[in-house]
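Subject: Structure for your review

Dear colleague,

Please find below the structure that I am handing over to you.

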Amino acid sequence: MNTRYTWKTFARELTALILAVVFCLPLYILVSVALKPNNELFTKPWEFTSSPAFGNFGDAWNERSDPSIGHSLLSSAIITLGSVAFLVLIGSLCAYVIARRPGKLSGLLYFLFVLGIIVPFQLCIVPLYAAFRWMGVTGSYLSMIILWVGVFMPLTVFLYTGFTRQLPRDYEESARVDGAGIFRTFFRVVFPLLRPVTGTVAIMTGLFIWNDFFASLIFVGGTNNETIPVAIYSFVGEYLTKWNLVFAVVIIALLPLVIFFVLAQKQMIRGFAGGIRG
Amino acid sequence: MVFVGPSGCGKTTALRMVAGLEDITEGTIRVGDKIVNGIDPGERDMAMVFQNYALYPHMSIFENIAFPLRARHTSKSEVRSRVERTAALLGLTEYLKRKPRTLSGGQRQRVAMGRAIVREPQAFLMDEPLSNLDAKLRVQMRSEISNLQRDLGVTTIYVTHDQVEAMTMGTRIAIMRKGVLQQQGPPQQVYAEPANIFVAAFIGSPGMNFLQATLGRDESGFELRLPGQTLRLSDAVVSARPALAAYVDRELAMGIRPESLALGPTGGPSLRATVSRIEVLGAESLIYVTLAGQAVVSDEMIEAAVDVDATAASTLKQEAEQCQVTLIVRSEPDTDVRVGDQVNITPIQHRLHLFDLESGAAVTS
């Protein structure tokens, strides 16, 4: 192996370093502003404060009461977890049928699902709102879960179908010969083998749903079930905005995701990399 | 029962039909007296071992072996005792908590066997279960599976494309070609009395020698005429094949196994040939001899030959163009013949095979 330190290596390292700084800058601003006392907010915008105000987090947490930040976090968690759970359950089952029962109907269904990926969901907001109002679910968790399951089902089915088609049929056939019914075969044999794509679906859709502002504002904005991005928005006032509290609450909103990633990253990466090794 | 045949002959499809994994268009499949045509695979009471074992990678060895029992809602205590008993029988007890990926090929093979055994089914179906193992392990597992099958006394259908596996493991073997059963019977019978030229060429290693000859007849009896020489057929050969009279002055294929050819004059009718190659294998030597004649180049011959050696088809065609035939003689290891020697080769007449060139069928009665 060539271990000589050349200009090329130096240039590469320097580029990587600059890129790292660029990527870290927003994080620095986030933490720096969140810890600033009120009097330093506009006088020293770039400097890291010498007297960090940890109380900002407490103030941000208590700033809202109806609903509280804690309740909004819970709302976000319920909507995200609920949507992802239904997406994974229904999407994987649907893809299994499409992948394993080739025929005209399966082909047509698959085509329709793929078509669904192209349509931007914002286009359907008005009829959706009318439909939810007719169903009497506006402002509820259910409306958000139905919305997200519908929005992401095409992508979910697309991802699961592609992966299921690659799975060797031997596992399922072996289970069939062993006397397992279709549901036991799916849930005990096939579904665990889909772990890598389940991880992909959960992360892709989960992050989008957790961070979504637009749909949440329309469907649950102003209700007790507001999600955390909408709650953060309420910190921005017409005449006065306490940016240190806004940034503190953003950190609070990020924490569950960061904690989840730190705890689950080993399993997640193993799941992605593990695939279907026998 | 072992299903054997070249790739694509339909042996795996036939096995899958028995298992219920493929639909059948006609005929009946019976387990004992019960017709199982329309019955779901899980209710046919058969266990299958797949080529790649199909062990569930996310389950422990215990769970893998227990799967068929759990699918049948067997009680927990019963599952535990039967899995442990099976694992002990196969030497897998210490691996029960492990995942399949941590086991070697041979151990995985045993787990797949365990999953089949634990149910105590009416029949085992095995689809080339040894093809993923290296040669040494294959020999070991071959005898392990044979012993296990004998001990358990369960009817087993075993699919393989390896004729050595078929010969050594089968009580009966069925040779298939292009979806059609060619012959079935005990291995020795199939080896000694092949029903057609395909079976004759496919079974045996090294394979049977073939050459084309014209059947002649004079006052003293029948003879096979080759370019420049003839081979007189003994009365026993002729009387065992009454149909032979219809082939007079017609060409047919003569087949003789390497061990049924003797080097040097032994008193019987013989052929003159030149030694072209000698392979010393330790316990025996294979002497390749060449003589003028026409090689048998039919579809069946090529298919059977290619299964052993991919270049065999071109070698056969080349020999046919040069009007030369190479025969293999199995001889003692300390033979004193040299390459280039002119030798007499004497076929053991009662082990001679004659085949119709068009249909490929053995000329018998």
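The notes below describe what was found in this structure, which is a predicted model.

**Chain B as a whole**

Chain B has 365 residues, of which 52% count as buried. Its secondary structure consists of eleven helices and 18 strands. Taken along the principal axes, the C-alpha atoms of chain B fill a box of roughly 80 × 45 × 35 Å. Among the contacts in chain B with a separation of 6 or more, 70% are between residues 24 or more positions apart. One pair that can be located by eye is B:Arg101 and B:Ser60, which are 41 residues apart in sequence and 9.7 Å apart in space, C-alpha to C-alpha. B:Arg101 is placed in the loop between α3 (76–90) and α4 (105–117) of chain B, and with a relative accessibility of 41% it counts as partly exposed, because that value falls between the limits of 20% and 50%.

**The domains of chain A**

For chain A, the domain assignment gives domain 1 (7–59) and domain 2 (66–277). The centres of these two domains of chain A, taken over C-alpha atoms, are separated by 32 Å. Where they meet, 13 residues of domain 1 of chain A are in contact with nine residues of domain 2 of chain A.

**The largest pocket**

The largest pocket has a volume of about 780 Å³. It is lined by 26 residues, and the closest to its centre are B:Met208, B:Ala305, B:Ala312, B:Thr326 and B:Ile328. Which elements give two or more residues to this lining? They are strands β9 (209–218), β14 (271–280) and β16 (324–331), together with helices α10 (299–308) and α11 (312–321), of chain B. Sorted by class, the lining has 16 nonpolar, seven polar and three charged residues.

Strand β16 of chain B also holds B:Ser331. This residue has a relative accessible area of 15% and is therefore buried, the limit being under 20%. Apart from neighbours within four places in sequence, B:Ser331 is in contact with B:Glu284, B:Ser285 and B:Ile287.

In soluble globular proteins, nonpolar side chains tend to be buried together. Here the largest nonpolar core has 92 residues, and those that touch the most other members are B:Val83, B:Ile175, B:Phe210, B:Leu224, B:Leu233 and B:Val289. Helix α8 (residues 197–202) of chain B gives the largest share of this core, six residues. Another core, of 41 residues, lies apart from it and includes A:Val201, B:Leu21, B:Ile29 and B:Tyr56.

Not counting residues up to four places away in sequence, B:Leu233 touches B:Leu215, B:Phe222, B:Glu223, B:Leu224, B:Val238, B:Leu244, B:Gln349, B:Leu352 and B:Leu354.

**Helix α1 of chain B**

Helix α1 (residues 11–19) of chain B has B:Lys11, B:Ala14, B:Leu15, B:Arg16, B:Val18 and B:Ala19 among its buried residues. What covers the buried residues of this helix? The cover includes α7 (170–177) of chain A, as well as β1 (2–4), β4 (46–49), β5 (123–127), β6 (155–160) and β7 (173–177) of chain B. After α1(B) comes B:Gly20, which has a positive phi near 95°.

**Backbone features to inspect**

Most residues other than glycine have a negative phi, and most peptide bonds are trans.

- B:Ser205 and B:Pro206 are joined by a cis peptide bond, with omega about -5°. B:Pro206 is in the loop between α8 and β9 of chain B.
- B:Tyr53 is not a glycine, yet its phi is positive, near 70°. It lies in the loop between β4 and α2 (61–71) of chain B and is buried, with a relative accessible area of 5%.
- B:Glu128, also not a glycine, has a positive phi of about 40°. This residue lies in the loop between β5 and α5 (135–152) of chain B, and at 10% relative accessibility B:Glu128 counts as buried.

Yours sincerely

Definitions and conventions. Residues numbered from 1 in each chain as written. Chains lettered and ligands numbered in written order. Heavy atoms only, no water. 1 Å grid on protein atoms, 1.4 Å probe; cavity = no way out; pocket = protein on both sides within 12 Å on 5 of 7 lines; lining within 4 Å. Points joined across faces, edges and corners; volume = space filled by probe spheres on them. Helix = DSSP H or I, 4+ residues; strand = E, 2+ residues; numbered from the N terminus. Nonpolar A, V, L, I, M, F, W, Y, C, P; charged D, E, K, R; others polar. Core = buried A, V, L, I, M, F, W, Y, C linked by side-chain atoms within 4.5 Å. Buried < 20%, exposed > 50% of the residue type's maximum accessible area, 1.4 Å probe, protein only. Contact = heavy atoms within 4.5 Å. Domains from an automatic or database assignment.
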